[in-house]
Every structure is written in structure tokens, then in C-alpha cells.
Amino acid sequence: MRLINLHPGKRGSKILAILPFVLLFAAYLAASAARHEANPDDKLLPTLSQMAIAMRRMAFTQDMATGQFLLWSDTAASITRLIEGLSISALISFVVGISVGMVPYLKKLLVPFVAAFSMVPPLAVLPILFIIAGIGEISKVTLIVIGTAPFMMRDLILRVEEIPAAQIIKAQTLGGSSWQIALRIVVPQMLPRLIDALRLSLGPAWLYLISAEAIAAQDGLGYRIFLVRRYFAMNIIIPYVIWITLLAFLFDIALRLIQSYAFPWFAGAKSQ
Amino acid sequence: MRLINLHPGKRGSKILAILPFVLLFAAYLAASAARHEANPDDKLLPTLSQMAIAMRRMAFTQDMATGQFLLWSDTAASITRLIEGLSISALISFVVGISVGMVPYLKKLLVPFVAAFSMVPPLAVLPILFIIAGIGEISKVTLIVIGTAPFMMRDLILRVEEIPAAQIIKAQTLGGSSWQIALRIVVPQMLPRLIDALRLSLGPAWLYLISAEAIAAQDGLGYRIFLVRRYFAMNIIIPYVIWITLLAFLFDIALRLIQSYAFPWFAGAKSQ
Amino acid sequence: ATKKKFTLAWTVYVGWMPWPWAAQQGIVKKWADKYGIEIEVVQVSDYATSINQYTSGMFDALTITNMDTLAVPAVGGVDSTSIITGDYSNGNDAVILKGKTKFEDIKGQKINIVQYSVSQYLLDRGLQLHGMTERDVRLVNTSDADMAAAFLTPDVTAVVTWNPIVEQIDADKGAHNVFNSSQIPGEILDLVIVNSKTLDANPEFAKALCGIWYETLGIMLSDTPEAKKAQAEMGQLSGTDYAGFASQLKTTHLFSSPEKAADFTKGSQLIATMDHVRQFLFAWGMLGQGAASPNVVGIEFPSGHVLGDTKNVKFRFNAEYMAMTAAHQL
Amino acid sequence: MSLIQIKDLWQIYNDRVVLENLNLSIVEKSFVSIVGPSGCGKTTLLRMLMSEVFCTRGSILFDGTNLPKEPTRERGVVFQRYSVFPHLSVLDNVLLPIELRSCRILGKILGSRRYNMKEEARTMLDHVGLLRAATLYPAQLSGGMQQRLALAQALIAKPRVLLLDEPFSALDPGTRADIHVLTNRLWEETKMTVVMVTHDISEAFRLGTRVIVLERPLADDPTKGARITHDIPVHPRTKTKTGAI
Amino acid sequence: MSLIQIKDLWQIYNDRVVLENLNLSIVEKSFVSIVGPSGCGKTTLLRMLMSEVFCTRGSILFDGTNLPKEPTRERGVVFQRYSVFPHLSVLDNVLLPIELRSCRILGKILGSRRYNMKEEARTMLDHVGLLRAATLYPAQLSGGMQQRLALAQALIAKPRVLLLDEPFSALDPGTRADIHVLTNRLWEETKMTVVMVTHDISEAFRLGTRVIVLERPLADDPTKGARITHDIPVHPRTKTKTGAI
Ligand SMILES: Nc1ncnc2c1ncn2[C@@H]1O[C@H](COP(=O)(O)OP(=O)(O)OP(=O)(O)O)[C@@H](O)[C@H]1O
Ligand SMILES: Nc1ncnc2c1ncn2[C@@H]1O[C@H](COP(=O)(O)OP(=O)(O)OP(=O)(O)O)[C@@H](O)[C@H]1O
Ligand SMILES: [Mg+2]
Ligand SMILES: [Mg+2]
């Protein structure tokens, strides 16, 4: 049999899927044990129990100074910023994307500008941004918006352009005005695609959030990692990274569920 | 006429396209002039001549300490890292993406792992990365690879899966082995798609490059921006950001040209 | 009428941790209320960002070093007055070599350092004192947050950095602290600066800040359980614990009383220090483009002495408010 | 009287003459089939009739006046594909034209007025045999059902002329035969003017009252555009017998 | 002797019986057309013959032994679409099967051996009337030319049986008539065994030596799969006269 025709069975598939995770985990344990053998105070690869203790403290002990449970207050702060940033970004992109995609005048006006703007690396303008937007919540949210909106905008413009011309013509022959066509034909078809764009933007959004929190914040997951980096507290950093990864994963699943429940027609239409 | 049916003429289009750039430029000049009115030594919004002087110095005056022309040595350093990082990333993604996309066993083994891995925010694992890769050139290149490879890999796996099953069946009926099919059918069709993936990865690659250079470097565009930030030299930061944007733009164009020259069949096949 | 509102920005550093703690304890509000104003104490995680924002006019007051005040706000045309001389680094900043024990061994090495920061000033002074110049070494700009991790990698052999990172690195077996700020006492100063325009119009802001500062120092430096608790909480705020904070405090010379601070500020050593600093900045091109000499900016001292251009004084050391506190006139 | 009058119509794309000096009058209530080889410009002609593209030279009169410069309610269309809206249920697809007319601001009606409209839409669905599929989405329909829906949607807007561009060419033979019967019945009931492009000659004769053949004299010569080579009237009674498949 | 023998074949997808107890022998050098309504399982049957899917019950013998578990060189295919490789020029598409056979490691031949192969490929292209298009890419060909190329590519591999799944249904009538002639000629020359699925009945009769009709007894009942309802031998001489378009 050709290699490309060999399929693992159901159980084989499951075993294969978890194998890399198990291997990574085992490799970590081995490396950590080896380093602690050589130096019991090793900070680079903390043992599981060291991480557990650190996380227990972060999650279930009130912080002396602020009286908060740090893991949860950090998570709440970061997620709030993430959601605010992505919501604003989505809203702007949606309105701009649809208008630009539909109105030829706007398209000529804004497409080159948005294209040029999306080439500006947001991290390079970070020093400028913080000075302009201040260091309050606004600047963090703004960084997320600047980082994700140009992409979402361009994506939505493309998606609007992908609507078959026949559909728009058809809507016009049914008596629709520009505004009505936007409202009844384009907006409802773009909503599930906005969710797709949001899913693609989640990764960059986390990135910008972490960068922003590293520079100006008093709480947040990125702030904490940045703060304890000076002490090289890997026993906090590693669980935080895993936690962020898990959150990113949950966000992605949530968006996918929203998409399939709110827009039952979408999967079928896309596969046609 | 409906708004969506109104089209600007050729000249109108050109004017519309440059309008936002002109407006932005004018707004900057006005704001800069206002601030210099209030404080002639203002650093936030340098005048054009201040920027020009700074850039002339960066580009055409030998640096006292190193004897280099900073703008060019920074550019060379950054571009070298970027190309190295992206090349390695592209190579790994290409090999892994095609193997995983073609071989069902590998697919079961690696797809969940790559998906989980792509959710890890690379900036959060920087300390770990330093320990493993050191803080020399390797770590910068590695950060670019870690930041871009999971996305490229996933993209290529999807693209391989998008090859119509009929094509693979057909190749088998023509007597192709797995290896021959990979070599003659899949690889050549994936090369132009790799360029697409590279183009999409350019933005993130710049981002990680700048982050890496901000953390530890002796030269590079990101290094310079974060260095002169310490004494608030916006007259250097702003031109550098524009220069980076321009470079990103040129890279994008170059990739597009390579794609259309090296793979003349691709545009036609895609539009079918 | 609404109260006038002022902002003080701070960053995580041992000598500045009293500020957020005082805000949490209500000491800030107490003094602000006394002068009928509002004071907001704002944290910025990144020190350079805090300076840039102060310079572009977003804060009224800032915790900063003497060197950075000259290099950024003063050169940027923002007239600033230092009203509190809080401490000087007395070992908090250090040059650390891996596997080598003498400062002289630094020759030819690649040094990881936050360039253009006080670290570079320390390094320069060290090189000067040992008869070398910066041409004898190579600098690699490295973010302070990653210095500790960087030191663990084999290709890093020399670093210049500050606390708490110095302690992290000193704990390493191969690390040798070959030169530190205790060998140049009084040169790396941590100040509170206020925009001079704001200060002229609202002296009560400076009074309130001095009141807050010395009340807080009084609590944390006393030999009581409260002091220990205060230090532990400050430690926590900076991401460590009591022990960690206390050991950092050992290498920080806090001017525990306003008298001592005022005296130091009026003393002649400060003038000599600032001259070193401006020569250093000038040599590295940080006094602005086209600066023809170190004299382009004027630095005024409590005695009325001015270093540099008397027509362009942008940095003023003021001992008046510390003296008022000492005299119980607040 | 002729509803549509095409006079001296030329269409030239980048030096390639597609249509050359076309003249054609279409009388009200006729069913005109247009046939011709692939690429001869059938779709181009239809797109001009719906004001999607404009002629290089010549003029088109609609009911005596110049054709409007953009698509209007008076000229309904059904394409081979993409004629119905994928995000609306079958019922909502048919409701849409009524809603667009009734509410200029939202294009959406709620409350009791919606109830009456739904009745109208249901009657139309019944007419095309889709009542049982009213709650499905287009992606859940077969190709034939989708085209029935497209016809229903176009007809409920009560256009004066219906333009069809190969509406049935993606359907398989059995389905196609059914929908021919439906089209014929709808046309006889509404007595609407229809212009249909097809490349299936038997279909053209079975449905049309007049068959127009469009052809380029030399397929490879870009300077000679397609013209009308045959204009064949079809006698109503013979229609049902033509063709076999 | 029969080349392919299908015995008691069942195909069931998630409780839906698609094919029920099929029995069929196909003798060498015959041209079998399979017709039937949409969704009755024609494609499924063909995919089983090319070892792309496997039957739930029953067996298929190929030349007396069990059918291999994966596609092989002996069974060539042409689909409605995606039958040629978009990244290869017309000539390279036809060269590919020869190269795959000649060089197991690279699947690519360079140098003088390539020259001889090119000659062989050119002869085949000439045969299907594509010699002038040898340097073009498939995207630059019309639909009819692409299917000619697909035939050429499949034939140059010299399979024992050729499986065709609606190979001509996307073509317009004129093109389809041309390619029917070609197919007929190629079949007569090579005397290869052909199994062709189509939903065009006239095509089935025009090309086939035997027409098999596959039908579900009740379209809506998932427990009853399609079976062979008619098995009609076609006399060679009548073929050229059947059907009109
Ligand atoms: N926008 C355009 N720009 C340039 N050429 C065009 C354009 N639209 C159509 N053409 C050309 O006009 C000619 C006629 O095209 P049209 O689509 O009208 O043909 P058709 O008769 O509908 O063919 P088919 O039966 O394949 O649908 C073709 O040669 C086509 O390439
Ligand atoms: N992989 C599969 N899983 C589940 N059901 C399938 C699968 N493949 C085919 N079917 C079902 O089997 C039936 C027959 O499908 P098939 O494609 O063979 O029909 P067909 O006769 O080729 O139809 P058409 O003329 O439309 O091509 C259909 O009901 C289809 O939904
Ligand atoms: Mg057409
Ligand atoms: Mg089929």
C-alpha cells in the first residue's frame, strides 16, 4: 500500500494525537529532574510541585498588597482588554469594511490607505502610541485595535467583494436601495465572516495585549509575566503561558460555537 | 443612481487614493508646528527638517563608535535576520506541511499538536527561548521561526488538503508512488502557495524581529527604535517606522513578482 | 469648584516603591486633601515610557534619575524641578562578570547592558576609574527584564544592570560583582521631579508630595512591626517578598530624613556629579542633535549656581520643600 | 407595441467587437429565446438589458424611453447560479422583494403586516411547489428547487420583463423537464415578457415564442462581432412536441 | 472472459443503503454506460472500481483476482473536473505517466531519453487534436480541450480499463458532439474496456455497447438501495444514429 493510503484506526488516531503531548511532558520532567539533580535551586525548569505551589499562591491566596487573587484579577484584566480591543476593532472593521466594499468611491479613497497602514509594524509605533494614547486602559486597547483592525478591514473588504455580483444585481432588480442591500443582503452575510476574521485575529490580539501590558499596566497576564521575568520566576511564567494558551483555545472554540449556532445557514452556503 | 453604482473616473480615483495620505501629512505638519510654537525643543512631533537632519546623519555619517553608517548597517542586520528566519520557517513548514497533509498517520500525529502549539503566544515564552537559544543571532531568528512557522504549517496542511482528491487518485492511476506524487504533483503546486503563506507571515515576522531586537541586540532597525526611545528621539523613530513600512511593502511586492514569474500557471489555475 | 488634579508617575524600583504603598494606605489622599488638591499616583511598567510621557506633558511629576532628567525632559525643553532627592544607589547598580574576578578583565568583552541608561554611566565611570574607555568594550543593548535570563546563557559573560536583577545574577555561582555604585556613592540619584511651570503655579503640590514621602519613609524605616509589614507589602508590589525587598533596600541609600536630603542637595558634590553626567551625555550624543558643547542646557543648584547655559536652564535642583518639611512647615 | 427596442447596438471590449450593429424589437408578452455558440455575446446582451454593462454604441429603449442606467424593479433576472440569497430561508427569500418595497428604511417588516405578506409569499411558493421547503435554507435545496425559488422570487416582484441567463443549464435532464413545465405555466398565467438565453436549442424552441440565433461570422476575427443570423417565430401549438431529452 | 466481476455488492453509508446487492460482469473490450437519476450511486460504484472507496459487503474481482486495495495503473480515470494537473503544460501532462514509470526516484526525466518520450507524447496529443496547444497550461484551455487532454493522459498510461465519471457533462453541446466522435475513435482503436457514468441518456446509447440503468425503488426510503433495473445491449451499427443534439 502507498503511504498516503494507509489510515490509522480510531484508537490508533487517538493514541497518535496525544503522543506528542506526552513526549513533550516527559521530556520536560526528565530535563527538570536532571537540572534539579545538579542544582536543587534551579529556576529554569521548575518541578511540577514548584509550579503547583506558585499557582496555588497566585490563584487562592489573597495578595497582601492589593487584597486580590492575582491569577484571577490578572485574567480578568487581560480578558477585559482583549474583548474591548477586539470588539472595537470588529465594529470599526465591520462598518468600514462593508462601506468600502460596497461603495466604489470609498473603495478608491480608502483601500490604498488601509493597505499602506496595515504594513506599519504596530510594535515599532508602540513608543509613539503610548505617548499619544496615554498609559491608561486606552493605550492597551488601542494597540490591539491598531494591530488587528487593518487586517480585519482588508479581510472584510475582500469578503464583500466576493459576494457574487449576480446577487447584488438581483437585489437591485428586486427594488433594493443601496442602504437596503447593505442591511438585508450584505450585513447578514458578513456577520459569520466577521467571526472568521475575529478568530484569525485572536493570535495577534494576544500578542499585542502582552506587549502592551509589558510596557504600561498594573495588572494583566502579560504584566505578571513581564514583572516576574526580572526574578526569573519560571515557576510562575510556565503555568501562566499554559493558562494563556488555554484561554486562547477557549476563545477560539467559543467563537466557532457562536458562528454555528447564530448562523446555521453559513456552513452549507460555504461548502457549495 | 444608487451609491453602489456610482464610479469615480480615472482621475477622480487617483485623487481619492492620495487624499488620505495628503490629509495625514498635513495634520502632522500642523500639529508639529503648534507644538514647536509652544516649546521650540519639543521632542514629540519633530519637524520635517529635524527628521531630515537626523536621517542624513544616520544614513551618511559614520558612527563615531563603530565607524558604520547606522541606517544601512541596521537595515542590513534586520533584513538578514528576517530572511534567515523566514527561510528556515518556510523550509520547515514546507516539509512538515506537505508530509502531514499527504500522510494520514502523520496528520493524526501532528495536527492537534501544531494547533495547540500555534496558540502559545511566542512573546510570553521569550525567557525560555533565551535559555535554549542564547541571546545572540540564533534567538532572534528562532523567535521569527517560532512566531511564523506554526501558521505557515497549518496553512500548507490546509492547502495540501485542498488539492482535489480526484487529482491524487488520478496520479495514482498513472502509476505514481507516494514519493513521486509528492515530488511531481504536490510540491510544485504548493510552491506558489508557500509564497502566499510567506506574504501573510511577513507582518508577524517583522513584529517578532522588532521584539527580539528590542530585547537584546547591537544593531537592527528595531534595536535602534528601542534604543533612541530612551532619549525620546522621535526624529529618528518616525523616519525609521516609515522606512520599515516601506521595506515591508517592497518585500511584499518582491514576493508577488516572484510568484507571478516563477509560476505562470498559478493565477489561471486559482481563478478557475 | 473642582479640585486641581495632579499626576505622579512611578515605575517599579526599590527606591520608588513607597509611592504606590502610600497611595494604597491613604497617605496620598490625606496630604492631598490637606492642600485641597487631588493626586493620582500612576504606575508605568516601562521606565523609558514614563519619561517620554512626562516629557510630552502627560504627567506633572515623575520618579526619575538625575541623569535621565538631564537627557530627556531637559534636552526636550521641558523645564523640570527636582523637589525630592530620595536616595542614591549604593550598590544597586553593578557590573557583573562571569567567571572573572577583576574589573580589568572586562577589557575586550561584550557587555550586555541597557544602553543610554544609568548602567552605561556606571560602566563609564568604572572604565574611567580603571583607566579605560568604552572603546575597550563592546555593548549589546539588552532589556532589563531579560537580563537575568540572558546571564544564564553561555554567550553572555558580562552584564551591567540594576536591582532586583543584580541580586538574581549575584546568586549565580560564576557571577562576580566587580564594580558597583557603592564605589561612586551619591552619583546615581533617584529624584522626584515636577514640571517647573506646574510647580510655580501650584507649590502646594510639591508640599503635599514632600509630606507624603517623608511620612511614608518614617513608617517604613522605623524599627517596628509596621515597618516590616510596609516593606513586605512594597516587596509584593514589586513582585518579590519581604526578604527580597529588604536586601534591595540595603544597597539603596535612602535619605531617611528631609534634613539629610536637603543638605545633600545643597552640597557641592552634587555639582561635580552633574558635571560628570553632562560630560557623559555629551560624549554619547544625548544632549541633542547639534549640541556643540555640554553647556547647551543649564542646570541650576539650590545655591543659585548654574552649570551650562544660564539662559536655557531646564533642570533645577530645589531643596526648599525638603527644608520646609525638615522645619515642620508643611 | 414593442416593450424593448434595440437600435444599432455595438459592444466592443478592448478592440474585440463582441456584438455588431444589433437591431431587435421585442413585443410585450412574448417569450424570446436567444441561442448561439459559446462566447458569442448572449450574456453580454442580457447584461445590457439589465443595465449591468453599457453598450459602446447604439441605444436600447424600454417602453419608449431610454433604458435606466441601473437595474430596476421592472426587469427581473434569474441567473444560472447565485440567484437566491444563501442566508435567507426559502420563505424569507420570497418575502424579501415585498419587504424591500414596503419598508424603505429597514427593508424588513415585523408584526401583523408581516403576516399578510407571508400569506402572499406562501401562495407563490405553493405555485412553484416549494411550500413544504419554506423553512429550509437554499444550500439545503437541490439545484432544481433553487431555480424554482429564484423564479418565485423574481416573479413576486412583478417585473415587466424577466431576463433569464441559462437558468436551467446546471440541472439534470429530469429536473429540467419538470421546470420547463413550470416555466411554461407561469409564463402563460402572468403573460410576462421573457428574454431567455440558453445554449440548449431544444429548450429554446420548447419554451420560446421566438428564437433568435446570434453568431459571429468568423470565430477568430476580432473585428467582426456577432449578429443575428436567424429570427425564427415559433408557433404556440408545436412547442410541446419539439425535442426529445 | 469478464474482466470485472461484481458479486453481491452492497454499499451502506450511515444506515442509508446506497447500492443493494449488485451483480455485474463486464467483459473485456466492452463499453459500458451507466445511467440513473441523480444520487442513485453511480459515482459510488465507479469509485469502488477505482479502489477509492470500499464496499460494505460483497466483492469485486478484477481479471479473476480481488481488486487491489488502492488505485493502480491498470485502471485509468477521467472525472468531470480536476482530471489534469494545473501546474503542468499540456505536453508535460501527457509526459507525466511515462516519466512516472521510467524514473521511480524522481518521476522526472532529463536529457536525451526525454526527447524520445516527448515524441511519444506529441503523437498522443496529435491524436486528440491538441498538438498546437502543447505549450499551454490547462487553465488556458477550454473545457472541451481539457477533457481531451484528460483522455490523452489516461490513455498514454495504457490502462486495461478506463473509468469515466460524467466526463463530458460540463461541456456545451457542440463541443460534446466533437468529443463523442473522438472517444468513439479512441475506443475503437485501442479496444480498451470502458465504464462510463453519465446522466445523459443519448450519450449513453451513442457511445456504449451496453447501457446499465441504476435506480432506487423508492427515492425516499433509506433501507432500499439502488439496483440494476435495466441492462440493455446496444448494437454497434445503430449507435451513430441515436439522439439529436
Ligand atoms: N468585461 C469584459 N471584458 C472583456 N471581454 C469581455 C467582458 N465580458 C465579456 N467579454 C467577452 O465577450 C465575449 C462574449 O462573452 P459572453 O459571456 O457574452 O458570451 P456568451 O455568449 O454568454 O457565452 P457562454 O455561452 O459561454 O455563456 C467573450 O469573448 C468574452 O471574453
Ligand atoms: N462518503 C459518503 N458518506 C455518506 N454518504 C455518501 C458518501 N458518498 C456518497 N454518499 C451518498 O450516496 C448516494 C449516492 O451518491 P453518488 O455520488 O454515488 O450519486 P450519483 O449517482 O453519482 O449522483 P449524481 O448523478 O448527482 O452524480 C447519495 O445519496 C450520497 O449522499
Ligand atoms: Mg453566457
Ligand atoms: Mg456522480
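**Reading chain C and the A/B pair**

Guide: Chain C exposes about 11,300 Å², and carbon and sulfur atoms supply 51% of that area. Keep in mind that this is a predicted model.

Visitor: How many of the 330 residues in chain C are buried, as a percentage?

Guide: Buried means under 20% relative accessible area. In chain C, 64% of the 330 residues are buried.

Visitor: What radius of gyration does chain C have, and what would a compact globule have?

Guide: A compact globule of 330 residues would be near 20 Å. Chain C has 19 Å, so the two agree. Along the principal axes, its C-alpha atoms fill a box of roughly 60 × 50 × 30 Å.

Visitor: Which secondary structure elements make up chain C?

Guide: Chain C has 14 helices and 14 strands. Now look at its contacts between residues at least 6 apart in sequence. Of these, 76% join residues at least 24 apart.

Visitor: How many charged side chains does chain C have, and how far apart are the centres of the two sets?

Guide: There are 26 positive and 35 negative side chains in chain C. The centres of the two sets lie 2 Å apart.

Visitor: Now the copies. What rotation superposes chain B on chain A?

Guide: Two copies of a chain are related by a rotation about an axis and a shift along it. Here the rotation is 180°, the shift along the axis is 0.1 Å, and chain B superposes on chain A with RMSD 0.3 Å. The two copies are therefore related as by a two-fold rotation axis.

Visitor: Which C-alpha of chain B is nearest the axis?

Guide: That of B:Pro204, 4.1 Å from the axis. The same surface serves both copies: of the contact residues of chain B, 97% recur in chain A.

Conventions:
Residues numbered from 1 in each chain as written. Chains lettered and ligands numbered in written order. Predicted model: local features only at pLDDT ≥ 70, side-chain atom pairs only at ≥ 80, totals over all residues. Heavy atoms only, no water. Helix = DSSP H or I, 4+ residues; strand = E, 2+ residues; numbered from the N terminus. Rg over C-alpha atoms; globule rule 2.2 N^0.38 Å. Buried < 20%, exposed > 50% of the residue type's maximum accessible area, 1.4 Å probe, protein only. Contact = heavy atoms within 4.5 Å. Areas by Shrake-Rupley, 256 points an atom, 1.4 Å probe, with all protein chains shown as cover. Lys, Arg positive; Asp, Glu negative; His and termini not counted. Charge placed at Lys NZ, Arg CZ, Asp CG, Glu CD. Least-squares fit on C-alpha atoms with pLDDT ≥ 70 in both.
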